[in-house]
Amino acid sequence: MAKILLGVSGGIAAYKAVEFVRLATGEGHSLRVLMTASARRFVGPDTFEGILGAPVLTSEFERDPMRGAFPGQEQPDHEPIGHLAVAEAADVFLVAPASANTLAKLATGQADSILTTAFLACRAPRLVAPAMNDRMFRSDATQANLETLRSRGVEVIEPGEGRLASKGEYGIGRLPEPEELMARVDSALAHASGSGDMAGLKVLVTAGGTREAIDPVRFLGNRSSGRMGFALAEAALRRGAEVTVIAANVGLEEPSGVERVDVEDTAGLAEACRARFSGSDLLLMAAAPADFRPVEQSPGKLSRGEGDLTISLEPTEDILAGLAADRRPGQTVVGFAAEHGGEAEARARGKLESKGVDLIVLNDVSDPAIGFDSDQNAVTLITAGEAEQVPIAEKSEIAGRILDRALELSDPADS
Ligand code: CTP
(Lines give C-alpha, C1' and ligand atoms only; values in the text may rest on other atoms or scores of the structure.)
Protein backbone atom coordinates (compact mmCIF):
# COMPACT_ATOMS: atom_id res chain seq x y z
CA MET A 1 0.00 0.00 0.00
CA ALA A 2 1.13 3.52 -0.73
CA LYS A 3 2.46 6.41 1.33
CA ILE A 4 0.19 9.34 0.47
CA LEU A 5 1.14 12.87 1.47
CA LEU A 6 -1.97 15.06 1.67
CA GLY A 7 -1.72 18.84 1.65
CA VAL A 8 -4.82 20.66 2.87
CA SER A 9 -5.25 24.36 2.15
CA GLY A 10 -7.98 26.76 3.19
CA GLY A 11 -11.49 26.24 1.91
CA ILE A 12 -14.86 24.92 2.98
CA ALA A 13 -14.11 21.74 1.04
CA ALA A 14 -11.43 20.90 3.64
CA TYR A 15 -14.03 18.68 5.29
CA LYS A 16 -13.87 16.43 2.22
CA ALA A 17 -10.15 16.00 2.87
CA VAL A 18 -11.14 14.38 6.18
CA GLU A 19 -13.37 11.95 4.30
CA PHE A 20 -10.55 11.28 1.85
CA VAL A 21 -8.25 10.35 4.75
CA ARG A 22 -10.88 7.97 6.12
CA LEU A 23 -11.29 6.36 2.72
CA ALA A 24 -7.57 6.08 2.00
CA THR A 25 -6.65 4.70 5.42
CA GLY A 26 -9.61 2.28 5.12
CA GLU A 27 -8.07 0.99 1.88
CA GLY A 28 -4.82 0.34 3.75
CA HIS A 29 -2.79 3.36 2.60
CA SER A 30 -0.50 5.17 4.98
CA LEU A 31 -0.92 8.96 5.13
CA ARG A 32 0.66 12.12 6.50
CA VAL A 33 -1.20 15.41 6.41
CA LEU A 34 0.19 18.92 6.00
CA MET A 35 -2.10 21.89 6.69
CA THR A 36 -1.79 25.57 5.88
CA ALA A 37 -2.76 28.16 8.49
CA SER A 38 -5.99 28.96 6.69
CA ALA A 39 -6.92 25.28 6.39
CA ARG A 40 -6.97 25.18 10.19
CA ARG A 41 -9.77 27.74 10.20
CA PHE A 42 -11.97 25.14 8.49
CA VAL A 43 -10.94 21.83 10.09
CA GLY A 44 -8.72 21.06 13.06
CA PRO A 45 -5.57 18.92 12.98
CA ASP A 46 -7.08 16.77 15.75
CA THR A 47 -9.73 15.52 13.33
CA PHE A 48 -7.09 14.20 10.94
CA GLU A 49 -4.87 12.89 13.72
CA GLY A 50 -7.73 10.87 15.18
CA ILE A 51 -8.13 9.00 11.89
CA LEU A 52 -4.49 8.88 10.85
CA GLY A 53 -2.74 7.88 14.02
CA ALA A 54 0.03 10.32 13.08
CA PRO A 55 0.68 13.97 13.87
CA VAL A 56 -0.39 16.59 11.36
CA LEU A 57 2.31 19.07 10.35
CA THR A 58 1.23 22.70 10.31
CA SER A 59 4.52 24.61 10.19
CA GLU A 60 7.83 24.11 8.41
CA PHE A 61 9.61 25.10 11.61
CA GLU A 62 8.03 22.58 14.00
CA ARG A 63 9.73 19.29 14.82
CA ASP A 64 8.01 16.26 13.43
CA PRO A 65 7.59 13.68 16.22
CA MET A 66 7.66 10.97 13.55
CA ARG A 67 10.84 12.32 11.93
CA GLY A 68 9.32 12.37 8.48
CA ALA A 69 8.21 8.73 8.57
CA PHE A 70 4.75 7.51 7.56
CA PRO A 71 2.67 5.28 9.86
CA GLY A 72 4.09 1.76 9.67
CA GLN A 73 7.46 3.00 8.43
CA GLU A 74 10.62 2.83 10.52
CA GLN A 75 11.71 6.23 11.83
CA PRO A 76 15.24 7.43 11.09
CA ASP A 77 17.66 7.52 14.03
CA HIS A 78 18.51 11.17 13.41
CA GLU A 79 16.31 14.27 13.44
CA PRO A 80 15.70 15.14 9.78
CA ILE A 81 14.27 18.36 8.37
CA GLY A 82 10.58 17.49 8.66
CA HIS A 83 9.14 18.94 5.48
CA LEU A 84 11.94 17.51 3.35
CA ALA A 85 11.72 14.08 4.94
CA VAL A 86 7.95 13.57 4.45
CA ALA A 87 8.22 14.81 0.85
CA GLU A 88 11.08 12.37 0.22
CA ALA A 89 9.26 9.41 1.76
CA ALA A 90 5.94 10.01 -0.04
CA ASP A 91 4.90 7.87 -3.03
CA VAL A 92 2.44 10.55 -4.12
CA PHE A 93 1.51 14.09 -3.02
CA LEU A 94 -2.10 15.27 -3.29
CA VAL A 95 -3.13 18.84 -2.49
CA ALA A 96 -6.90 18.81 -1.80
CA PRO A 97 -8.50 21.23 -1.55
CA ALA A 98 -6.05 23.48 -3.36
CA SER A 99 -7.14 27.10 -2.83
CA ALA A 100 -6.48 29.84 -5.39
CA ASN A 101 -3.85 31.28 -3.07
CA THR A 102 -2.03 27.97 -2.60
CA LEU A 103 -2.13 27.25 -6.35
CA ALA A 104 -0.57 30.66 -7.01
CA LYS A 105 2.21 29.87 -4.56
CA LEU A 106 2.81 26.40 -6.00
CA ALA A 107 2.94 27.81 -9.54
CA THR A 108 5.51 30.44 -8.57
CA GLY A 109 7.56 28.13 -6.39
CA GLN A 110 7.00 29.98 -3.14
CA ALA A 111 8.02 28.18 0.01
CA ASP A 112 6.33 29.94 2.89
CA SER A 113 4.49 27.08 4.62
CA ILE A 114 4.90 23.40 5.37
CA LEU A 115 2.68 22.59 2.38
CA THR A 116 4.45 24.78 -0.17
CA THR A 117 7.97 23.83 0.94
CA ALA A 118 7.17 20.12 0.83
CA PHE A 119 5.53 20.49 -2.60
CA LEU A 120 8.61 22.18 -3.96
CA ALA A 121 10.86 19.44 -2.60
CA CYS A 122 8.70 16.46 -3.61
CA ARG A 123 9.87 14.26 -6.49
CA ALA A 124 6.92 11.85 -6.36
CA PRO A 125 3.88 12.37 -8.64
CA ARG A 126 2.03 15.51 -7.54
CA LEU A 127 -1.68 16.18 -7.93
CA VAL A 128 -3.69 19.28 -7.12
CA ALA A 129 -7.46 19.42 -6.72
CA PRO A 130 -8.60 23.05 -6.97
CA ALA A 131 -11.74 24.02 -5.04
CA MET A 132 -13.03 27.57 -4.91
CA ASN A 133 -15.71 29.93 -6.13
CA ASP A 134 -16.27 29.57 -9.88
CA ARG A 135 -15.29 33.16 -10.72
CA MET A 136 -12.01 32.66 -8.87
CA PHE A 137 -11.49 29.36 -10.67
CA ARG A 138 -12.19 30.80 -14.10
CA SER A 139 -10.03 33.88 -13.54
CA ASP A 140 -7.10 34.31 -15.90
CA ALA A 141 -4.67 34.21 -13.00
CA THR A 142 -5.88 30.86 -11.64
CA GLN A 143 -6.07 29.31 -15.11
CA ALA A 144 -2.53 30.50 -15.91
CA ASN A 145 -1.29 29.04 -12.61
CA LEU A 146 -2.91 25.71 -13.41
CA GLU A 147 -1.37 25.73 -16.88
CA THR A 148 2.06 26.39 -15.37
CA LEU A 149 1.61 23.51 -12.95
CA ARG A 150 0.45 21.18 -15.75
CA SER A 151 3.44 22.12 -17.88
CA ARG A 152 5.65 21.00 -14.98
CA GLY A 153 4.01 17.60 -14.81
CA VAL A 154 1.59 18.30 -11.98
CA GLU A 155 -1.75 16.57 -12.51
CA VAL A 156 -4.73 18.86 -12.11
CA ILE A 157 -7.92 17.18 -10.92
CA GLU A 158 -10.62 19.34 -12.47
CA PRO A 159 -13.27 20.56 -10.03
CA GLY A 160 -16.86 19.52 -10.50
CA GLU A 161 -19.83 21.69 -11.33
CA GLY A 162 -22.68 22.16 -8.88
CA ARG A 163 -23.87 24.11 -5.89
CA LEU A 164 -21.00 26.15 -4.41
CA ALA A 165 -20.41 27.13 -0.79
CA SER A 166 -21.55 30.74 -1.19
CA LYS A 167 -25.32 31.06 -0.85
CA GLY A 168 -27.25 30.62 -4.08
CA GLU A 169 -24.15 30.22 -6.24
CA TYR A 170 -23.83 27.46 -8.76
CA GLY A 171 -20.88 26.78 -11.03
CA ILE A 172 -17.56 25.03 -11.45
CA GLY A 173 -15.30 24.81 -8.42
CA ARG A 174 -16.51 21.92 -6.26
CA LEU A 175 -13.90 19.54 -4.94
CA PRO A 176 -14.57 16.07 -6.42
CA GLU A 177 -15.82 13.41 -4.02
CA PRO A 178 -13.23 11.44 -2.02
CA GLU A 179 -13.79 8.35 -4.19
CA GLU A 180 -12.76 10.27 -7.29
CA LEU A 181 -9.73 11.73 -5.56
CA MET A 182 -8.77 8.19 -4.52
CA ALA A 183 -9.20 6.93 -8.09
CA ARG A 184 -6.88 9.65 -9.38
CA VAL A 185 -4.28 8.93 -6.72
CA ASP A 186 -4.44 5.19 -7.50
CA SER A 187 -4.02 5.94 -11.17
CA ALA A 188 -1.01 8.21 -10.57
CA LEU A 189 0.56 5.53 -8.38
CA ALA A 190 -0.09 2.74 -10.88
CA HIS A 191 1.49 4.76 -13.69
CA ALA A 192 4.46 5.93 -11.64
CA SER A 193 5.36 2.50 -10.36
CA GLY A 194 4.13 0.38 -13.26
CA SER A 195 2.45 -1.67 -10.53
CA GLY A 196 -1.19 -1.85 -11.65
CA ASP A 197 -2.39 -5.16 -13.07
CA MET A 198 -2.91 -3.43 -16.44
CA ALA A 199 0.46 -1.67 -16.50
CA GLY A 200 1.95 -1.73 -19.98
CA LEU A 201 -1.37 -2.61 -21.65
CA LYS A 202 -2.77 -0.40 -24.39
CA VAL A 203 -6.51 -0.13 -24.09
CA LEU A 204 -8.83 1.28 -26.76
CA VAL A 205 -12.32 2.24 -25.55
CA THR A 206 -15.19 3.54 -27.65
CA ALA A 207 -17.97 5.51 -25.98
CA GLY A 208 -21.15 7.42 -26.75
CA GLY A 209 -23.55 7.24 -29.67
CA THR A 210 -22.94 8.16 -33.30
CA ARG A 211 -25.06 10.66 -35.24
CA GLU A 212 -25.92 10.17 -38.88
CA ALA A 213 -26.72 13.41 -40.64
CA ILE A 214 -30.08 13.80 -42.37
CA ASP A 215 -29.44 17.42 -43.36
CA PRO A 216 -27.08 20.10 -41.99
CA VAL A 217 -29.05 20.43 -38.74
CA ARG A 218 -30.75 17.07 -38.13
CA PHE A 219 -29.41 13.65 -37.39
CA LEU A 220 -30.38 10.10 -36.46
CA GLY A 221 -28.90 9.29 -33.08
CA ASN A 222 -29.35 7.25 -29.94
CA ARG A 223 -29.44 7.78 -26.20
CA SER A 224 -25.99 6.48 -25.30
CA SER A 225 -24.35 8.99 -22.91
CA GLY A 226 -20.84 7.53 -22.95
CA ARG A 227 -20.86 7.03 -19.18
CA MET A 228 -20.08 3.30 -19.31
CA GLY A 229 -17.21 3.82 -21.78
CA PHE A 230 -15.73 6.63 -19.71
CA ALA A 231 -16.04 4.55 -16.53
CA LEU A 232 -14.11 1.77 -18.30
CA ALA A 233 -11.44 4.23 -19.45
CA GLU A 234 -11.02 5.57 -15.94
CA ALA A 235 -10.88 2.10 -14.38
CA ALA A 236 -8.24 0.92 -16.89
CA LEU A 237 -6.20 4.08 -16.32
CA ARG A 238 -6.39 3.52 -12.58
CA ARG A 239 -4.97 0.04 -13.08
CA GLY A 240 -1.99 1.36 -14.99
CA ALA A 241 -3.08 0.99 -18.62
CA GLU A 242 -2.40 3.46 -21.41
CA VAL A 243 -5.89 4.43 -22.53
CA THR A 244 -7.37 5.97 -25.68
CA VAL A 245 -11.06 6.83 -25.80
CA ILE A 246 -12.85 7.34 -29.08
CA ALA A 247 -15.84 9.43 -28.07
CA ALA A 248 -18.92 9.80 -30.24
CA ASN A 249 -20.83 12.88 -29.06
CA VAL A 250 -20.03 12.52 -25.37
CA GLY A 251 -20.69 15.58 -23.24
CA LEU A 252 -18.52 14.41 -20.36
CA GLU A 253 -15.02 15.41 -19.33
CA GLU A 254 -12.59 12.57 -20.00
CA PRO A 255 -10.43 11.36 -17.12
CA SER A 256 -7.13 13.23 -17.29
CA GLY A 257 -4.35 11.06 -18.61
CA VAL A 258 -6.64 9.49 -21.21
CA GLU A 259 -6.11 10.30 -24.89
CA ARG A 260 -9.42 11.43 -26.39
CA VAL A 261 -10.43 11.32 -30.04
CA ASP A 262 -13.82 12.82 -30.93
CA VAL A 263 -15.91 11.45 -33.78
CA GLU A 264 -19.39 12.21 -35.07
CA ASP A 265 -20.77 9.38 -37.17
CA THR A 266 -20.30 5.64 -37.66
CA ALA A 267 -17.93 6.10 -40.60
CA GLY A 268 -15.76 8.43 -38.46
CA LEU A 269 -15.84 5.95 -35.58
CA ALA A 270 -14.85 3.10 -37.90
CA GLU A 271 -11.93 5.07 -39.31
CA ALA A 272 -10.68 6.14 -35.86
CA CYS A 273 -10.93 2.53 -34.61
CA ARG A 274 -9.10 1.08 -37.61
CA ALA A 275 -6.26 3.59 -37.17
CA ARG A 276 -5.71 2.58 -33.54
CA PHE A 277 -6.83 -1.02 -33.16
CA SER A 278 -3.65 -2.77 -34.29
CA GLY A 279 -1.62 -0.90 -31.65
CA SER A 280 -3.91 -1.91 -28.79
CA ASP A 281 -4.05 -4.99 -26.59
CA LEU A 282 -7.66 -4.68 -25.50
CA LEU A 283 -10.64 -3.19 -27.31
CA LEU A 284 -13.73 -2.27 -25.29
CA MET A 285 -16.41 -1.42 -27.83
CA ALA A 286 -18.89 0.34 -25.55
CA ALA A 287 -20.08 2.88 -28.13
CA ALA A 288 -23.49 2.59 -29.72
CA PRO A 289 -22.91 3.14 -33.44
CA ALA A 290 -26.04 3.88 -35.43
CA ASP A 291 -27.08 0.75 -37.30
CA PHE A 292 -28.54 2.71 -40.20
CA ARG A 293 -27.73 5.93 -41.97
CA PRO A 294 -29.64 7.97 -44.55
CA VAL A 295 -28.70 6.88 -48.07
CA GLU A 296 -28.51 10.54 -49.01
CA GLN A 297 -27.88 13.66 -46.98
CA SER A 298 -29.80 16.75 -47.96
CA PRO A 299 -27.29 19.55 -48.66
CA GLY A 300 -29.78 22.14 -47.42
CA LYS A 301 -32.07 22.15 -44.39
CA LEU A 302 -35.23 20.18 -45.15
CA SER A 303 -38.31 22.34 -44.85
CA ARG A 304 -41.62 21.29 -43.31
CA GLY A 305 -43.31 23.11 -46.13
CA GLU A 306 -42.14 20.39 -48.52
CA GLY A 307 -44.78 18.04 -47.05
CA ASP A 308 -44.39 14.31 -46.26
CA LEU A 309 -40.86 13.11 -45.97
CA THR A 310 -39.50 9.62 -46.52
CA ILE A 311 -35.90 8.95 -45.65
CA SER A 312 -34.27 5.84 -47.08
CA LEU A 313 -31.78 4.22 -44.75
CA GLU A 314 -28.95 1.81 -45.41
CA PRO A 315 -27.12 -0.33 -42.83
CA THR A 316 -23.79 0.96 -41.55
CA GLU A 317 -20.75 -1.28 -41.43
CA ASP A 318 -20.34 -3.56 -38.41
CA ILE A 319 -17.16 -2.04 -36.99
CA LEU A 320 -16.68 -4.57 -34.22
CA ALA A 321 -17.03 -7.63 -36.44
CA GLY A 322 -14.56 -6.13 -38.92
CA LEU A 323 -11.95 -5.37 -36.26
CA ALA A 324 -12.34 -8.76 -34.55
CA ALA A 325 -11.83 -10.52 -37.90
CA ASP A 326 -8.55 -8.64 -38.43
CA ARG A 327 -7.12 -9.09 -34.99
CA ARG A 328 -3.66 -10.39 -34.32
CA PRO A 329 -2.91 -13.03 -31.65
CA GLY A 330 -2.91 -11.58 -28.13
CA GLN A 331 -5.59 -8.97 -28.75
CA THR A 332 -8.73 -9.19 -26.62
CA VAL A 333 -11.99 -7.86 -28.02
CA VAL A 334 -15.03 -7.00 -25.92
CA GLY A 335 -18.41 -6.05 -27.37
CA PHE A 336 -21.53 -4.69 -25.71
CA ALA A 337 -25.16 -5.49 -26.36
CA ALA A 338 -28.16 -3.54 -25.18
CA GLU A 339 -31.12 -5.89 -25.42
CA HIS A 340 -34.77 -5.73 -24.41
CA GLY A 341 -36.26 -8.42 -22.14
CA GLY A 342 -36.75 -12.12 -23.01
CA GLU A 343 -34.19 -14.01 -25.09
CA ALA A 344 -31.67 -11.24 -24.33
CA GLU A 345 -29.00 -13.70 -23.31
CA ALA A 346 -29.51 -15.91 -26.35
CA ARG A 347 -29.27 -12.89 -28.66
CA ALA A 348 -26.12 -11.68 -26.91
CA ARG A 349 -24.59 -15.15 -27.21
CA GLY A 350 -25.41 -15.06 -30.90
CA LYS A 351 -23.47 -11.77 -31.18
CA LEU A 352 -20.50 -13.29 -29.33
CA GLU A 353 -20.24 -15.82 -32.14
CA SER A 354 -21.30 -13.78 -35.16
CA LYS A 355 -18.95 -10.91 -34.28
CA GLY A 356 -16.12 -13.22 -33.22
CA VAL A 357 -15.40 -11.46 -29.90
CA ASP A 358 -14.14 -12.80 -26.56
CA LEU A 359 -16.76 -11.26 -24.32
CA ILE A 360 -20.15 -9.61 -24.73
CA VAL A 361 -21.33 -7.32 -21.95
CA LEU A 362 -25.09 -7.55 -22.00
CA ASN A 363 -27.37 -5.02 -20.42
CA ASP A 364 -31.09 -5.21 -20.34
CA VAL A 365 -32.35 -1.80 -21.39
CA SER A 366 -35.94 -2.59 -20.46
CA ASP A 367 -35.10 -1.63 -16.84
CA PRO A 368 -35.30 2.21 -16.54
CA ALA A 369 -33.17 2.25 -13.34
CA ILE A 370 -30.09 1.23 -15.27
CA GLY A 371 -28.50 1.86 -18.62
CA PHE A 372 -28.10 4.89 -20.82
CA ASP A 373 -28.23 8.03 -18.69
CA SER A 374 -27.88 6.36 -15.33
CA ASP A 375 -24.78 6.19 -13.12
CA GLN A 376 -25.70 2.61 -12.35
CA ASN A 377 -25.85 -0.50 -14.42
CA ALA A 378 -26.34 -4.26 -14.12
CA VAL A 379 -24.84 -6.55 -16.72
CA THR A 380 -24.33 -10.14 -17.70
CA LEU A 381 -20.88 -11.12 -18.92
CA ILE A 382 -21.18 -13.61 -21.75
CA THR A 383 -18.19 -15.66 -22.85
CA ALA A 384 -17.81 -19.03 -24.49
CA GLY A 385 -18.20 -20.52 -20.99
CA GLU A 386 -20.82 -19.77 -18.36
CA ALA A 387 -22.57 -16.41 -18.18
CA GLU A 388 -21.75 -14.29 -15.12
CA GLN A 389 -24.35 -11.96 -13.62
CA VAL A 390 -23.08 -8.65 -12.22
CA PRO A 391 -25.87 -7.17 -10.08
CA ILE A 392 -26.79 -3.47 -10.06
CA ALA A 393 -23.89 -1.26 -9.00
CA GLU A 394 -22.19 2.03 -9.86
CA LYS A 395 -20.81 2.03 -13.41
CA SER A 396 -17.29 2.41 -11.95
CA GLU A 397 -17.71 -0.91 -10.13
CA ILE A 398 -19.22 -2.63 -13.15
CA ALA A 399 -16.26 -1.34 -15.18
CA GLY A 400 -13.89 -3.04 -12.73
CA ARG A 401 -15.69 -6.39 -13.13
CA ILE A 402 -15.61 -6.12 -16.92
CA LEU A 403 -11.86 -5.44 -16.84
CA ASP A 404 -11.27 -8.36 -14.46
CA ARG A 405 -13.03 -10.69 -16.90
CA ALA A 406 -11.25 -9.24 -19.94
CA LEU A 407 -7.89 -9.73 -18.23
CA GLU A 408 -8.70 -13.36 -17.43
CA LEU A 409 -9.58 -13.90 -21.09
CA SER A 410 -6.35 -12.29 -22.25
CA ASP A 411 -4.24 -14.43 -19.93
CA PRO A 412 -2.64 -17.13 -22.09
CA ALA A 413 -2.53 -19.42 -19.05
CA ASP A 414 -6.30 -19.29 -18.97
CA SER A 415 -7.00 -20.12 -22.60
N1 CTP B 1 -21.39 -2.35 -33.25
C2 CTP B 1 -20.46 -1.98 -34.21
N3 CTP B 1 -20.86 -1.44 -35.39
C4 CTP B 1 -22.16 -1.25 -35.66
C5 CTP B 1 -23.13 -1.63 -34.70
C6 CTP B 1 -22.71 -2.18 -33.51
O7 CTP B 1 -19.27 -2.14 -33.97
N8 CTP B 1 -22.53 -0.72 -36.80
C9 CTP B 1 -20.91 -2.92 -31.98
C10 CTP B 1 -21.37 -2.18 -30.74
O11 CTP B 1 -20.45 -1.19 -30.36
C12 CTP B 1 -21.46 -3.26 -29.69
C13 CTP B 1 -21.78 -4.50 -30.51
O14 CTP B 1 -21.43 -4.20 -31.86
O15 CTP B 1 -20.23 -3.46 -29.03
C16 CTP B 1 -23.22 -4.92 -30.46
O17 CTP B 1 -24.02 -3.84 -30.85
P18 CTP B 1 -25.56 -4.08 -31.18
O19 CTP B 1 -26.15 -2.77 -31.64
O20 CTP B 1 -26.21 -4.79 -30.06
O21 CTP B 1 -25.42 -5.10 -32.38
P22 CTP B 1 -25.89 -5.08 -33.82
O23 CTP B 1 -24.86 -5.75 -34.64
O24 CTP B 1 -26.30 -3.71 -34.23
O25 CTP B 1 -27.14 -6.04 -33.75
P26 CTP B 1 -28.74 -5.79 -33.80
O27 CTP B 1 -28.95 -4.39 -34.27
O28 CTP B 1 -29.17 -6.80 -34.75
O29 CTP B 1 -29.23 -6.04 -32.41
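Leu252 is partly exposed, because its relative accessible area is 26% (buried means under 20%, exposed over 50%, and partly exposed in between, with a 1.4 Å probe and protein chains only). This is a predicted model, in which local features need pLDDT of at least 70, side-chain atom pairs count only at pLDDT 80 or more, and totals for chains, interfaces and linings use all residues. Residues are numbered from 1 along each chain as its sequence is written, and side-chain values use heavy atoms, with hydrogens and water left out.

Leu252 lies in the loop between strand E11 (242–248) and strand E12 (259–263); helices (H or I, at least four residues) and strands (E, at least two) are DSSP runs numbered from the N terminus. Apart from neighbours within four places in sequence, Leu252 is in contact with Ser225, Gly226, Arg227, Phe230 and Arg260, where contact means heavy atoms within 4.5 Å.

## Helices H9 and H13

The axes of H9 (residues 227–238) and H13 (residues 395–410) come within 8 Å and cross at roughly 65°. Axes are lines fitted to C-alpha atoms, for helices over the stretch in contact, and angles run from 0 to 180 degrees between N-to-C directions.

Among the residues that meet are Arg227, Met228 and Ala231 in H9, and Lys395, Ser396 and Ile398 in H13.

Strands E6 (residues 160–163) and E7 (residues 170–174) run antiparallel and are joined by four bridges; two strands pair if DSSP finds at least two bridges between them. Gly162 has Gly171 in E7 as its bridge partner. Six residues separate the strands of this hairpin, and Gly168 in the turn has a positive phi of about 75°.
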